[in-house]
Amino acid sequence: MRFKFATGSVALGTAAALAFATAIPAQAADPGVTSNKIVIGTTTPLTGPAAPGYKDIPVAAKAYFDYVNANGGINGRKVDLRVFDDQYNPALAKKGTSQLILRDKIFAMYGALGTPTHSAVVQDLNRRGIPDIFVNTGGASFDNPKKYPMTFPYFPSYIVESKVMGYYMANDPALNAKKKCLFYQDGEFGDNAKVGFAAAGTTFAATTSYFSGQQVAPFSAQITKLKSAGCELVVFFGVTSATAQLLGTAARSGFAPTWMITSVGTDPSVLKGSLGASTGALMKGIYVPNFLVPAQDVGNAYVSQMKALASANGLEWNFYTYYGINTAYVLAQALKAAGKDLTREGLVNAMQTQSQNFRSAAVVPFIINQKSHQGATGYYMAQYNANTDAERLTDYVMVATSSSSGTARKITFRPAPPTKKLLP
Amino acid sequence: MSLLTDVKNMSNAQKLRTFPGNRIVWHAVIVGVVWLLLLLLNNNIDPLYSSYLALVAMYATAMFGMTILVGLSGQVSLGNGALMAVGGYVFALTSMNWQTVPIFGWEWNAVWSMVFAGLGGILIGGIVGGLAARLKGPYLAGLTLGLAVGVPAITNRFPELLGGENGLMLTVPYPAGGYAASEIAAGTESGAETSDPNSDAGSDTGAAAGEDQYAELDLSEFDQGVDASTDPNATLASEDLLTEGDLLTLDDFSNGGDLGLESADPVVEPSVDPSVDAGVDTGVDPSGITDSFDGGFIIEQWQASMAIAVACLVAFAALNLIRGRQGRVWKAVRDDPIAAAVVGISPSGSKVSAFVVSSLFAALAGAVFAQILSFVGPGAFGLGLSLSLLVGIVLGGRSSLLGAILGALIIVWLPELVNGLSGERGWPDQITNNAPNLLYGLLVVAVVLAAPGGITGTVRSWIDRARGKSRSPLS
Amino acid sequence: MTNFIDFLLGGFSSGAVIALMALALVMVWRSTRMVNFAQVGQAMFTTYIALTVQQSTGNWLLALAVAMVAGLILGIVVFFLVIRPVKNSDTTGAIIATFGVLIALQAGAGMIWGGDPEGFIPPVSNAGLEFAGRIWPVSLYDILVWIVTAALVIGLTLLFTKTSLGLSMRASAFNPEVARLSGVRVNRMLITGWAIAGATGAVGGVLIAPVSTISPNSFDILLVFAFTAAVIGGLDSLIGAVTFGIGTGLVISLVSGYTDASNAPVVALALLALNLLLKPDGVFSHHGSRSV
């Protein structure tokens with residue numbers, strides 16, 4: 001039976017190979033581009049446990065593209081963003097990406113969310129030569145131009161983030177004197193954080209974790225562990241719903257260490273919903289790395305314009321809206337830089353050679369070239385005040401690579417102002 | 001349904017067994033014709049439909065096991081997705097780690113990885129089946145639900161081996177003449193010359209950085225603050241310095257966001273440095289990145305033909321099992337275990353064998369799934385997958401292979417239907433995002449109520465009624 | 001040692017939450033011999049209703065009462081629209097139908113209240129109690145949850161064992177034909193069981209919300225743990241559901257505390273398999289099953 005099966009499949013192999021003989025004629029132009037339209041696609045969770053917050057990103061990006069379209073588009077072409085709800089399921093992400101490629105005939109992918117979901121499609125996208133712009137994840141694996149020449153991450157990896165945290169703690173005497181502990185979500189967060197902190201030379205007095213979904217009940221055991229270890233500074237790598245449970249459980253246990261929390265785990269709009277009136281008091285003093293101009297800094301030309309765009313479209317001004325408009329703005333500039341004769345190769349070309357000219361609300365340098373697609377290189381350190389605003393603490397920024405060795409370094413960086421009317 | 005008819009049927013089966021060749025040949029002919037038709041279909045449809053066909057064949061493979069387990073043996077399983085995970089992970093691990101080891105002279109190791117996946121399925125199916133044979137109804141549901149949630153969670157416990165939450169990516173070993181992802185990577189490596197303005201004087205140490213591709217990246221250039229090559233201000237023209245009137249404000253949206261710029265200058269001259277167009281080597285080899293791959297290899301067609309092959313072989317095995325003695329044994333135990341025991345059938349043995357067979361089929365489906373996704377991860381094999389298998393088998397019809405095939409069609413097609421029905425209608429996002437799921441849930445309920453025997457069971461009971469016979473739609 | 005006590009107390013509180021949901025599952029099983037996978041969806045939905053009431057009136061007791069009534073009604077609606085038509089003929093079909101209801105309820109809640117998690121303000125302090133010079137991982141609110149859980153178990157047990165309604169419900173579930181012949185209005189009993197289960201789940205949801213958050217999917221993992229607890233406890237036994245609900249909480253807490261949280265689901269699966277191996281009908285199951 002087993003043997004039969006094996007030979008049967010080999011026989012199929014031959015039959016299938018014969019079937020492949022029909023060749024498809026080469027297309028003149030890249031799919032997804034006409035004289036007046038560019039079709040791009042994204043896969044992201046709009047429903048299910050992973051949807052909160054992230055579902056706002058494509059809406060914000062669409063609002064920006066609509067605005068650009070109303071003002072002449074990009075080199076005369078209008079951007080058409082197609083969104084597929086993958087519910088953070090790799091199998092659905094695969095199905096959705098196939099539909100976007102084969103049915104919607106997208107020119108490029110933009111902002112596909114999640115490491116496991118994107119892992120199921122990244123090889124296929126690169127094999128087909130479809131630009132895969134601004135993958136929305138802190139997993140470092142997609143920054144690999146040799147393997148994935150078409151794929152471009154945007155925000156710094158969790159390894160970079162933990163290196164930056166480690167650097168900041170080591171160089172702030174008050175923080176460095178504290179007994180430091182680590183609390184992470186099992187999986188990607190924990191794996192990357194451990195690599196980054198090991199490279200940064202940060203040692204922890206105690207380490208504990210939770211499994212995804214455990215935040216439905218209080219983190220009593222973990223808090224007990226951290227409390228009894230005498231932790232004075234707790235670094236937390238987890239999702240925002242877990243941060244809410246963490247702060248709530250710690251408060252009721254009378255555990256009040258200094259918190260340092262990953263940038264993806266502290267969205268105030270989500271925390272406010274969960275923690276209610278006490279949000280400000282609980283969030284005050286939390287250290288959080290950030291690489292965009294603080295969202296409350298309305299004096300900044302990026303924030304004021306993006307916020308105006310958001311409110312004109314009736315969107316809540318939160319981290320996700322901000323992020324969605326910002327990456328859409330950068331993509332629009334890349335599409336424009338790729339020239340009138342828009343091709344996939346031209347877009348990748350523009351990404352790799354002109355990224356230093358792209359304006360964005362990021363206040364850190366970008367590295368996008370032939371050797372590295374890292375994207376944003378680092379963070380500044382911020383701290384929440386009682387109004388749930390993260391205030392910038394450092395006028396310098398800390399940059400690092402996703403390498404398993406090497407520490408962060410401190411640099412000063414002055415970003416360029418936005419383009420006129422935020423148009424590409 | 002009575003024991004007597006079962007025993008009588010069994011003696012019929014015994015009679016048939018005198019000429020087993022006839023039945024097997026007949027089944028082989030049926031499956032072979034279907035296989036050929038499917039391959040013909042696959043080669044003449046749009047690649048998008050080939051991708052659906054691959055999924056349908058993959059689900060059908062797992063579903064044939066559900067027919068035997070749920071339909072014939074009468075055991076409920078909420079955990080066959082976890083058994084698919086076993087097959088997927090075994091396939092991934094063996095194809096990744098033993099890529100170049102020929103076994104008995106066979107080097108195309110996808111086949112061997114499939115064999116190992118099947119063996120893994122048999123092993124796990126035996127263990128679970130042994131436990132499950134002692135359990136009934138909700139207790140079995142409880143165990144299999146635990147399996148559906150617990151098995152994916154195990155991957156987090158062993159991140160080094162199993163890749164944790166992010167799973168494992170595998171380079172699918174396509175057959176000769178096919179296309180391997182590594183080829184493109186090799187092609188682009190040669191293009192990565194030293195035209196990179198930020199690189200250190202042409203020291204291309206790419207090969208040495210195999211383990212850590214970030215090691216060669218040097219951030220020390222930022223140490224002196226911002227140097228000329230990365231200072232955006234260095235490239236700013238004077239018109240880029242913004243004045244108050246250049247900022248986008250809420251007032252600008254009074255005209256629906258149209259700033260009135262378009263009519264003045266519809267086509268903006270691209271601000272591309274001419275040197276870029278003059279062929280700066282970006283390290284991307286354009287020859288490798290067109291929509292049709294070398295030799296006209298269409299990946300969806302390959303995936304579909306591979307999935308169809310496995311599905312047909314499994315269907316052939318299932319057909320022989322169901323219509324042979326074993327099928328009658330399973331039915332006898334389902335309908336009356338005590339009576340079956342009286343005539344010398346071991347009820348628990350029958351239940352375990354049903355579990356093992358369905359686990360084998362699930363594992364093979366999982367291995368096919370791994371090749372379609374070129375990835376395995378806990379998120380792809382979660383509770384949702386297990387449940388959709390159960391939904392498919394109940395809606396399709398649970399005691400025939402045709403029902404399994406219809407169920408596989410339903411799993412793939414129903415989400416498309418609800419997405420299409422609830423597509424763009426200008427509703428608020430909150431409504432639009434959730435509408436497909438609402439519709440899906442309601443449709444599942446509606447079909448269970450309207451067609452309790454699934455599609456095949458209901459159609460058959462119509463036919464029977466037309467012939468004047470009465471029959472429970474579930475049997 | 002104090003760590004151990006803290007792990008136990010913390011686990012006890014999380015376990016009470018699992019126990020409440022397990023109670024509702026057992027109620028449905030006892031009254032209709034079915035497993036209602038939509039239970040957490042019903043509880044989620046009624047908790048959203050309670051949240052709306054609390055946000056507009058600020059009255060927790062009123063919110064709880066409204067949730068209970070809503071749970072009662074939702075239980076009856078689900079029974080009439082979904083369960084009665086499939087009942088008897090087919091348990092696998094019923095499982096699928098209740099999953100369909102779960103998906104529809106989650107999508108419906110997402111449509112009405114949006115997908116972002118929201119907090120629920122507890123009626124009494126949720127801060128850890130100070131005693132003997134230290135803060136313990138137990139709050140007044142936890143104690144309230146324990147009391148309500150205990151009251152529910154005692155109340156429901158009395159209902160089943162001491163009242164004629166309870167006796168009729170048990171009879172209808174155990175053998176509808178015989179019950180009908182003895183003059184029990186079987187259908188009415190089944191409806192009553194679903195209604196009580198709906199209300200029990202609603203109480204559970206409202207009590208869980210302040211220590212968790214509420215979102216369309218926030219109770220999903222509870223379904224798995226509650227179902228596991230109910231199955232180990234014997235599905236028939238209210239006390240079994242509570243015991244193993246709390247036991248599950250303790251196991252997760254101890255494993256997370258002493259080893260790594262990633263071990264917890266694996267340990268839970270192993271314990272489930274071991275339990276079913278030793279006691280295939282659950283630990284607290286009273287009547288022996290027909291063996292073959």
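## A walk through chains A, B and C

Start by colouring the two domains of chain A: the C-alpha centres of domain 1 and domain 2 of chain A lie 29 Å apart. Keep in mind that this is a predicted model, in which local features need pLDDT of at least 70, side-chain atom pairs count only at pLDDT 80 or more, and totals for chains, interfaces and linings use all residues. For your selections, residues are numbered from 1 along each chain as its sequence is written, while chains are lettered from A and ligands numbered from 1 in the order in which they are written.

**Stop 1: the domains of chain A.** Select 37-156 + 295-376 for domain 1 and 159-290 for domain 2; these bounds come from an automatic or database domain assignment. Here 10 residues of domain 1 of chain A are in contact with 10 residues of domain 2 of chain A (contact: C-beta atoms, placed from the backbone, within 7 Å). The domain 1 side of that contact divides into four nonpolar, five polar and one charged residues. Ala, Val, Leu, Ile, Met, Phe, Trp, Tyr, Cys and Pro count as nonpolar, Asp, Glu, Lys and Arg as charged, and the others, Gly among them, as polar.

**Stop 2: two loops in chain A.** Select Asn75(A), in the loop between helix H2 (56-70) and strand S2 (78-85) of chain A. Helices (H or I, at least four residues) and strands (E, at least two) are DSSP runs, numbered from the N terminus. Phi of Asn75(A) is positive, near 50°, and the residue is not a glycine. Now move to Thr388(A), in the loop between strand S13 (378-384) and strand S14 (390-392) of chain A. Thr388(A), also not a glycine, has a positive phi of about 60°.

**Stop 3: where chain C meets chain A.** Show both chains: 38 residues of chain C are in contact with 31 residues of chain A. H1(C) gives the largest share of the chain C side, eight residues. That side divides into 13 nonpolar, 20 polar and five charged residues.

Stop 4: Finally, select helix H6 (residues 137-157) of chain B together with H11(C): their axes come within 8 Å and cross at roughly 150°. Axes are lines fitted to C-alpha atoms, for helices over the stretch in contact, and angles run from 0 to 180 degrees between N-to-C directions. H6(B) and H11(C) are therefore roughly antiparallel (angles over 145 degrees; under 35 is roughly parallel, 65 to 115 roughly perpendicular and the rest oblique). Among the contacting residues, pick out Leu143(B) and Gly146(B) on H6(B), and Leu269(C) and Ala273(C) on H11(C).

Notes
Contact = placed C-beta atoms within 7 Å.
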